Amino acid sequence: MRMTTLRVLILGDHKVGKSAVTVRFLTKRFIGEYYSSIDHVYRSSIRQEDSMTDVEVLDTCSKTSPGKVEENRVTWADAFVIIYSICSRSSFSIARELILALSKARTSTYLPVLLLGNMRDLEHRREVGVEEGHELALEHGCQYYEVSAADSALSVSVAFQAFLREARIVQQQRAALKRRRSSLGSVSKKLGAMFGKNSSSNKDPGLDAERRRLSFTNANKDLSADAERRRLSFANSIKESTSDSDRRKSSSSSGDSDKRKAPSANGDSDKRRTPLASPSKDPPAWDAERRRSSFATSKDGSGDSTDKRKSKDSHVDSTDKRKSNGSKDSNGDLDRRRPSLDTVDKKS
Ligand SMILES: Nc1nc2c(ncn2[C@@H]2O[C@H](COP(=O)(O)OP(=O)(O)OP(=O)(O)O)[C@@H](O)[C@H]2O)c(=O)[nH]1
């Protein structure tokens, strides 16, 4: 179970019931006549949800200047309770002064402030409306309740419990912020110790600037060299492509087109191209001769359709042979077919 200590400072005009309210909250009892010319500190442990809160309440003696608050007290306290009497307009004005004084004293941090309008049981003597109390509280971001220390402990207890809950949260947030700041401070000190020793920029800013300049120049040099490399590579590729083109031209002029196709293109495309290309390469004389031979065979009537197919097949074979053997095949094949023509002529 966690334990925290909250310091609460009670402020207000004379005889508004500061002591009566404080004692009511801490002891649940009402003391009708409480006289003291000195400040009192009350200590108590209050249970809130899952935790206990140690509360120190400083009941101030407001005989001299009730509208002012000493700086050391402001520093001491975590939370402030400002009490006025609903039966006293002047006590309400002093409450306003105190709120403003607190705002000025601790501008950097949020101050939990509870504004209490006491003596609610004396409604017939009311000088300050409940709306005025609400407005003042809203204006300065305070909690606000009207209570009666004389009438019941409940109203006082409700007001204090709600206020202490808020005060405790604010206190915890403040403590966490302090821890974070201190840890950040120690980390930054360590980093400063680590890098401060080795950092040349702190010692010699001129040297650091020169190092950056050289680094920039080297980076530019690298970029220029890279661009030159790319330019040379591009020029070489152009040269290579030009010489390759020349080579192709010279080889095509020497009639070696079939040989060029094989290594340059993939095998499949060449295989596809070869049978389509070969018939168109046959000279017209071969076609004429082929037609004539076919006509002669049909006229002769010798040989069936199978023979005709064979003849055609053999002719295709011979065409392929011609392609591979050149002039030798062309002469030989032509000569082999000519005797048959002669035979036809003789028969006819
Ligand atoms: N009717 C009524 N009387 C109250 C109430 N609270 C306090 N009193 C009376 O008001 C008078 C002043 O009460 P204190 O508690 O002494 O007020 P204080 O602000 O502490 O006084 P100083 O410290 O002398 O400035 C006492 O006679 C209380 O009995 C209340 O809620 N209702």
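Biologist: A polar contact is a pair of N or O atoms within 3.5 Å; within protein, one atom must be able to donate a hydrogen and the other to accept it, and residues adjacent in sequence count only if both atoms are side-chain atoms. How far does a backbone N or O atom of Ala20 lie from an oxygen atom of the ligand?

Modeller: The model is predicted, with local features needing pLDDT of at least 70 and side-chain atom pairs counting only at pLDDT 80 or more, while totals for chains, interfaces and linings use all residues. Residues are numbered from 1 along each chain as its sequence is written, and side-chain values use heavy atoms, with hydrogens and water left out. For Ala20, the distance from a backbone N or O atom to a ligand oxygen atom is 2.9 Å.

Biologist: How much of the ligand does the protein bury?

Modeller: The protein buries 86% of the 630 Å² that the ligand exposes when taken alone. Accessible areas come from the Shrake-Rupley method with a 1.4 Å probe; for residues, only the protein chains shown count as cover.

Biologist: What about Val16 and Gly17?

Modeller: A backbone N or O atom of Gly17 is 3.1 Å from an oxygen atom of the ligand. For Val16, the corresponding distance is 3.3 Å.

Biologist: How many residues surround the ligand, and which are the closest?

Modeller: The ligand is surrounded by 19 residues, and the closest are Lys18, Ser19, Ala20, Gly32 and Asp121. A residue counts as near if one of its heavy atoms lies within 4 Å.

Biologist: And by class, what is in that shell?

Modeller: The shell has eight nonpolar, seven polar and four charged residues. Here Ala, Val, Leu, Ile, Met, Phe, Trp, Tyr, Cys and Pro count as nonpolar, Asp, Glu, Lys and Arg as charged, and the others, Gly among them, as polar.

Biologist: Which element gives the largest share of the shell?

Modeller: Helix 1 (residues 18-27) does, with three residues. Helices (H or I, at least four residues) and strands (E, at least two) are DSSP runs, numbered from the N terminus.

Biologist: Changing topic: how many helices and strands does the protein have?

Modeller: There are 12 helices and six strands. The protein has 348 residues, of which 32% count as buried. Buried means under 20% relative accessible area, exposed over 50%, and partly exposed in between (1.4 Å probe, protein chains only). The accessible surface of the protein is about 22,600 Å², and 54% of that belongs to carbon and sulfur atoms.

Biologist: How many salt bridges are there?

Modeller: The count comes to six, where a salt bridge is a side-chain nitrogen of Lys or Arg within 4 Å of a carboxyl oxygen of Asp or Glu. Arg7, Arg43 and Glu56 are linked in a network of them.

Biologist: How far apart are the closest N and O atoms of Glu56 and Arg7?

Modeller: In that salt bridge they are 3.7 Å apart. The pair links distant parts of the chain, with Glu56 in strand 3 (residues 51-59) and Arg7 in strand 1 (residues 3-12), 49 residues apart.

Biologist: Is Glu56 buried or exposed?

Modeller: Glu56 counts as buried, at 15% relative accessibility. Arg7 is partly exposed, at 34%.

Biologist: And where does Arg43 come in?

Modeller: The side chains of Arg43 and Glu56 meet in a salt bridge, 3.4 Å from N to O. Arg43 lies in strand 2 (residues 40-48) and Glu56 in strand 3, so this pair ties together parts that are 13 residues apart in sequence. Arg43 is exposed, with a relative accessible area of 62%.
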